[in-house]
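This briefing is meant for a reader who is meeting the structure for the first time. Please look at the sequence and the model below, and then follow the notes by topic.

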Amino acid sequence: MSLLAAMRKLWHSIAPRTPSDVEQEFRSTLDAYQADLIRLGLPEEQARRKARIDLGQPAAQPERYRAAIGLGFFDESGGDIRYGLRALCRNRGFAAVAMFSLALGIGATTAMFSLIYAVLLHPFPYAGADRITNPIMIDDQHPDGFWYFELSKPQLDEMCLAAPVDSVLGFNNAHLEISNDGLPQDISGIYLTENAETFFGVRPLFGRMIEPLDAGHPVVVLNYRFWQRRFGSDPRVIGRTLEMDHAAYAIIGVMPRSFAFNDIAGIGDVYLPASLLQAVANGPAPSFLPWIKLRPHVTVAAANAALEPIVREIRKQHSGVSAWHLALQPIILPYQQNLGRTLALLLGGVALLLIIGCANCSILLLARGRTRQHELAIRTAIGASRWRIVRQLLVEALVISCTGTVLGVAASYWLARLPLLLSPNSFPAESFIRINASVLAFSVALALFSGILFGLAPALRLSRNDPARALPGRQAGVVAVPGRHRWSVLIAAQVALTLLLMATAGTAIRGFLRLTQMPLGYDPANVMQLGIELHVHNPAEWSRLQSREARAAYIEQIRQKIASVPRVSTVAVGIDATLPDADIQSSFIVDGGGAGEQPQARVMLVDQRYFAALRIPLLQGRVWNADENSRGDFVAVVNHAFSTRYLSPSQAMGRQLRIPGLTGHARYQVVSAQSTGWRQIVGVVGDARNDGVDQPIVPAIYIPYTAALQSWAQFLVRTQGDPLTCLHSIRGAIVSIASDQQISDSVSAFNGTFTLSEAIERGA
Amino acid sequence: MTKPVELPQGTLEMLILKAVSLGQLHGYGILLRIQQISGERLEILQGSFYTAIYRLERRGWIKGEWGESENNRRARFYSLTAAGTRQLKAETAKWIDMAAVVAGILNKKTDER
């Protein structure tokens, strides 16, 4: 209501008098004049006529008023728009074709822009997101290799004092289980240092974020999706409790949908104060991955230089690679690197589509212009200036483009979601496509731009008409000659652009088809991965499982239990060895290899059933047996790529290799007695995609997983029929022998539960 | 009736200001007043007359108010505002000045010939 009043006030200041007021005043003058004329002796009807001839029509007066106070432009444009709309209604076929071709181009371009906006320009909801960086250490010898590092609470505080640093957030994740609800359910908890509220600056949907006062208190903040899933989006959830790992936590807040922290530790289902993260039984104090928010106007290079000495000092005690340098990565960087080119290419493609649409409209307008020459000639003849006619034609073009834009923006609302639906894991989880002010401004600009682009040429062309030639009587001559050249140019351009677009699309589709038909080297059908996490924060349980033998026995016990479930045919164990994108590179030494050389290969920690479960063929020799598997040492199997690259294929059997990096210095890791010692190659297996579906297969060494155990493991379960239908009975089977052992639920996490076919779709 | 005179551009507005300065008038009254002062010699293009009034009101030099005319009809009466008074004064001075200069030049030429 107040808005309406404000608009009325604004309008009043622009045009103080209403049309009826102006008309009324004019009528009073007209009446007075008419009365005078009658007094002079004219008959009434004649006086009325003369008064109107001398002074003008009352109905025309408001328009004259607006013209006098400088609003005539609006009248004329309004008339142009009304006329344009009427003309479009008369030519429905023409209008439909023009609008549709534009709506397609504008819709696709707007969709791409909103995607780029959401993914690359403004993907994170955090305050000062462009200043948040992710510190990594880059290996000087292998610049591709980098690793995250953890800092203790005092080290985080020390980092905070550095000049270029605004604030530092520490976080770490842990698998928790909801313990009061039938089968144990795995959830991912992220512990955040208590400055989380100010660091993120994201307003919670309900309640509040973790604050300094929460230190030490059992409180929990929920992720949006977890809240939806677990609490059915109940807004009264604040103040209730959530039981995790047999302890009660008070729910203090729910984060909004756009908050999905984060892509390194995995998206948390719940967020907890860092002070609750217990030290591992008998282990060092808990440590945290840092996110560093820089002060405004500090460059990343300057911050790198300032922080590197501090990190060097902190990391002094740690062994490992000595030649490294620090790099602060803006959190958007990985996405820019992975998606930037693809999105730019897509934007280019849809821009082409838009230009084709514009060319199409130009041609249509020109073609229609032929039939309108007569009308335009009359307008010129009765005094319309060329500018006036150009304006009129441009307004008509803009009416088309604006209508096209409205349709296009409506369509883009769905189009923009498409890439996210097709490939959800390639985008930051925070990006949430919405039509916002920037996107709308972009499409309005696009509408004006395209309207002028396709309307200008026909407008200039048609307004150049010589009325004398176009008017009837002299129309017998040839009329169409002057425009023909431009027509051909437009049509040729349109056809060329269409061919270009089709060729690009064709190449892309062929690439995609090639990808889907690529031989994988293994059979993902009816296989799923099940991840388990051991409870490192539970002192009683952890001390029981800390030794290598006990942990291996525990894993084997669960494996056997899963294998006993009906319809399960094979169960294998792997540690981060799930294809098609398994594990990281390690260097190794092969007997008789050069001293300075540091060859690299994938080291796959698996058991002897792995090859059968994934149907990877054995080419030479044998796979290790059960005894060798539990010992972990002395044996290895390599893939075909390894034997051709580093060994001569015929003499691969019996050669020796060792993996110096298998030392077990990582937290929670235990290794076998001779884990870094010499291993004999007992077999060669076929190549299976191990570096992503679209990448060449890299050399791989398979060794018994008991050589280096982690606090987690994955089971690869081959079943008869859809593996997910067995999930419930498998869970029940696991709980029957280990009542608290949950399996990881998350589909997206590395250690989650998913079918291998899903993993391929994600990777493709 | 003497020979009609065509108004130079912009002078109509000055004449309206002058007419209104002599007392509150409605639109038709202004028209009559101008014709009366000029001895019926000025032919005002009807279209431009109201355009000029709208423009003067927009600039705040005259102010219109609804009232009763002499024969009990409703009419809009215009009066000069303070800004209008100043404007009329300035315009008058400028016009007389210019007319004197132009007349001086023209007269001189006639003398010399």
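A:Asp245 sits in the loop between strand E8 (241-244) and strand E9 (247-254) of chain A, where helices (H or I, at least four residues) and strands (E, at least two) are DSSP runs numbered from the N terminus. The model is a predicted one, in which local features need pLDDT of at least 70 and side-chain atom pairs count only at pLDDT 80 or more, while totals for chains, interfaces and linings use all residues. Residues are numbered from 1 along each chain as its sequence is written, and chains are lettered from A and ligands numbered from 1 in the order in which they are written.

- A:Asp245 has a phi near 50 degrees, which is a positive value in a residue other than glycine.
- A:Asp245 counts as partly exposed because 18 other C-beta atoms lie within 10 Å; a residue is buried if 20 or more other C-beta atoms lie within 10 Å of its own, exposed if 12 or fewer, and partly exposed in between, with C-beta atoms placed from the backbone.
- A:His246 is placed in the loop between E8 and E9 of chain A as well, and its phi is positive, at about 65 degrees, although it is not a glycine.
- A:His246 has 10 C-beta neighbours inside 10 Å and therefore counts as exposed.

**The two chains**

- Chain A contains 23 helices and 26 strands, and of its 764 residues 37% are buried.
- In chain A, 80% of the contacts with a separation of 6 or more are between residues 24 or more positions apart, a contact being two residues whose C-beta atoms, placed from the backbone, lie within 7 Å.
- Chain B has four helices and three strands, and from the N terminus on its elements follow the order α-β-α-α-β-β-α.
- Of the 113 residues of chain B, 27% count as buried, and 53% of the contacts in chain B between residues at least 6 apart in sequence join residues at least 24 apart.

**Where chain A touches chain B**

- On this interface, 15 residues of chain A are in contact with 13 residues of chain B.
- Helix H2 (19-39), helix H3 (44-55) and helix H4 (61-68) of chain A each supply at least two residues of the side of chain A that touches chain B, and the largest share, seven residues, comes from H2(A).
- That side of chain A has seven nonpolar, four polar and four charged residues, where Ala, Val, Leu, Ile, Met, Phe, Trp, Tyr, Cys and Pro count as nonpolar, Asp, Glu, Lys and Arg as charged, and the others, Gly among them, as polar.

**Helices H6 and H14 of chain A**

- The axes of helix H6 (residues 92-121) and helix H14 (residues 437-463) of chain A come within 10 Å and cross at roughly 145 degrees; axes are lines fitted to C-alpha atoms, for helices over the stretch in contact, and angles run from 0 to 180 degrees between N-to-C directions.
- Residues of H6(A), including A:Leu102, A:Ile106 and A:Phe113, meet residues of H14(A), among them A:Phe442, A:Leu446 and A:Ala447.
- The residues of this contact of H6(A) with H14(A) divide into eight nonpolar, six polar and no charged.
- H14(A) also has a kink of about 35 degrees at A:Gly455, shortly before the proline A:Pro458, the bend at a residue being the angle between axes fitted to the seven residues ending there and the seven starting there.

**Helix H10 of chain A**

- In helix H10 (residues 300-315) of chain A, a kink of about 35 degrees lies at A:Leu307, shortly before the proline A:Pro309.
- A:Ala303, A:Leu307 and A:Val311 are buried in H10(A), and the buried residues of H10(A) pack against strand E11 (287-294) and strand E12 (324-330) of chain A.
- An α-helix has 3.6 residues a turn, so residues three or four places apart point the same way.

- A:Leu614, in helix H19 (residues 610-614) of chain A, counts as buried because 25 C-beta neighbours lie inside 10 Å.
- Not counting residues up to four places away in sequence, A:Leu614 touches A:Tyr522, A:Asp523, A:Val527, A:Leu579, A:Ala688 and A:Leu716.
- A:Ile491 lies in helix H16 (residues 484-517) of chain A and is partly exposed, with 14 other C-beta atoms within 10 Å.
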